[in-house]
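Colleague: I have not seen this structure before. Could you take me through it by question and answer?

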Amino acid sequence: MSPLECRDDYSFPGILHLKKAADFSRVFDRKVRAGDQHLLIFADRNQLSLSRIGLSVSRKQGNAVQRNRRKRLLREAFRLLRPELPKGFDFILIPRAGVDSTLVDYQRSLKSLAIKLARRHWPEEA
RNA sequence: GGAGUGAGUCAGGCGAUCGCUGGAGGUGGUUCCACUUCUGGAGGAAAGUCCGGGCUUCGCAGGGCACGGUGGUGGGUAACGCCCACCGUUCGCGAGAACAGGGAAAGUGCAACAGAAAGCAAACCGCCGAUGGCCCCUCUUUCCAGGGGGGAUCAGGUAAGGGUGAAACGGUGCGGUAAGAGCGCACCAGCGGAGCGGGUGACCGUUCCGGCUCGGUAAACCCCACCGGAAGCAAGAUCAAGCAGAGGGGAGACGGCUUGCCGUCACGGCUCGGCCCGGGCCGUUCGACUCUCGGGUAGAUCGCGUCGAGGUGUCUGGCAACAGGCAUCCCAGAGAAAUGAUCGUCCACGACAAAACCCGGCUUAUCGACUCACUCCGAUU
């Protein structure tokens, strides 16, 4: 198994985290985004056979404990949905402030928004 | 039992499923990853970043000024603005609590409102009006002069009483006086000086003397004593793509002219091709390509968590803070940042809040639960 591949199950190892500042600015600069009342997602294609996520939670979301809670819910949503999501993308998830979202809310939003963003990238292939 | 004071402890539990991360071991693929087993994985404040240290880099003869900080005494400590004990003042019936607690007779400044007056002397109401002046009444037989008594008033005296204020230049009594006043005296309070006794000391007790009394404010300037080199883990150390720099090596001659291009041959690199011949492209008489060097960005590794001013237990010294001895344990270590999510269940229905180089403190936030010691009140024996 290559280092840049990963089993298609409910695990969530470190290589699926978006870590480098360069990756973050690349996705943000692409300016391809979609959102609803729970989430705002930026997306860009990567050259890998898997999808990665990065999280951006601002100070407006509350204190450190509340921000941590949001990040954990978002990671959990991604982890549980990973087999069903499009591959080969980097996503940046930004939760909406002031909304009391649950894990189920985030799962639902992540799935529909990710599929929507993936479709928007397909025309570039042709 | 009720009310309270002071120390201190804990910070939802259990189970199931799916995950994350550090370490150790094993298996598999040749330096990295995957799988697997065991094991560790947020706080009392991790917070605010307000002090003090360690550590790191830079700076540094010595002294002074400036700036900043601290401020009862004696201890503790690596150090502190922290802690302990004690002293003083104030508050509380008390257990106890609070104190930025050096200097106001070195100087400068400040004090709203009220009040006459807020700092060195003054006087609003009041009291007096002895002394000096003026006026009235009266007595001295009548008028004048003089004298006695009484009243009013001006000059003046006074600060006891009233009133204002957070604060108004000691208190009580006797004497004294026109009225009064430390004006005099006694005692008390306060201040200063000298002595004696106790204490390491802050201070405490006590005796005598003095002038009789001198207000508050220094987290206002200031004065005095003591302390302080600067910046911080994005500190800093090592390795180091790319790009840029310096130095070296590096394949050429001839001819033409419009003087930087063309032509001929030669050589070098790349390419077509299994290879040779050969073809194509680019380059060579200041330059393709290549070597070396120093600096160093992205990035990586270390710093960084096995070893610490460390935790737990126990003994010894000390009133205590704490120190020492012995035994024992290894207890988060990320880096866009792990320590979780969901469900079930129980109960007192879960507050405030999450490490980011590491320690010692302080401050602030906090649902509640509990332990120990002590005080006051009440009841009972």
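Colleague: Is Ala43 buried or exposed?
Modeller: This is a predicted model, and Ala43 belongs to strand β2 in it. A residue counts as buried if 20 or more other C-beta atoms lie within 10 Å of its own. Ala43 has 24 other C-beta atoms within 10 Å, so Ala43 is buried.

Colleague: Which residues does Ala43 touch, leaving out those up to four places away in sequence?
Modeller: Ala43 lies in strand β2, and strand β2 pairs with strand β4, residues 89–95, in the antiparallel sense. The residues touched are Val27, Val32, Phe89, Asp90, Phe91 and Leu117.

Colleague: Over how many bridges do β2 and β4 pair?
Modeller: Strand β2 covers residues 39–45 and strand β4 covers residues 89–95. Within this pairing, Ile41 stands opposite Leu93 in β4. The antiparallel pairing of β2 and β4 runs over 7 bridges.

Colleague: What is the order of the strands in the sheet?
Modeller: The sheet is open and has 4 strands with mixed pairing. β1 (33–35) and β3 stand at its edges with a single partner strand each, so one side of each has no neighbour in the sheet. Neighbouring strands are turned by 25° against each other on average, direction ignored. The order is β1-β2-β4-β3.

Colleague: How many residues lie between β1 and β2 in their hairpin?
Modeller: β1 and β2 pair in the antiparallel sense over 3 bridges. In that pairing, the bridge partner of Gly35 in β2 is Leu40. The number of residues between the two strands of the hairpin is 3.

Colleague: At what angle does α1 run to β2?
Modeller: Helix α1 spans residues 21–30. This helix lies across β2, β3 and β4. Its angle to β2 is about 105°.

Colleague: What is the pattern of helices and strands along chain A?
Modeller: Chain A has 3 helices and 4 strands. Among its contacts between residues at least 6 apart in sequence, 79% join residues at least 24 apart. Read along the sequence, the pattern is α-β-β-β-α-β-α.

Colleague: Is Lys31 buried or exposed?
Modeller: Lys31 sits in the loop between α1 and β1. Its phi is positive, about 60°, although Lys31 is not a glycine. Most residues other than glycine have a negative phi. Lys31 has 8 C-beta neighbours inside 10 Å and therefore counts as exposed.

Colleague: Why does Lys19 count as exposed?
Modeller: Lys19 is in the segment before α1. The C-alpha atoms of Lys19 and Lys111, 92 residues apart along the chain, are separated by 22 Å. Lys19 is exposed because the number of other C-beta atoms within 10 Å is 11.

Colleague: What share of chain A counts as buried?
Modeller: Ala43 is one of the buried residues, whereas Lys19 is exposed. Of the 126 residues of chain A, the share that counts as buried is 21%.

Colleague: Which residues come nearest to RNA strand B?
Modeller: There are 28 residues around RNA strand B. The elements that give two or more residues to this surface are α1, β3 (52–55) and α2 (64–81). The residues that come nearest are Ser11, Gly14, His17, Asn63 and Ala64.

Colleague: Which element gives the most to the surface near RNA strand B?
Modeller: By class, this surface has 13 nonpolar, 7 polar and 8 charged residues. With 9 residues, the element that gives the most is α2.

How values were computed. Residues numbered from 1 in each chain as written. Chains lettered and ligands numbered in written order. Predicted model: local features only at pLDDT ≥ 70, side-chain atom pairs only at ≥ 80, totals over all residues. Buried ≥ 20, exposed ≤ 12 C-beta atoms within 10 Å, placed from the backbone. Contact = placed C-beta atoms within 7 Å. Near = placed C-beta within 6 Å. Nonpolar A, V, L, I, M, F, W, Y, C, P; charged D, E, K, R; others polar. Pairing = 2+ DSSP bridges. Axes fitted to C-alpha atoms, helices over the stretch in contact; angles between N-to-C directions.
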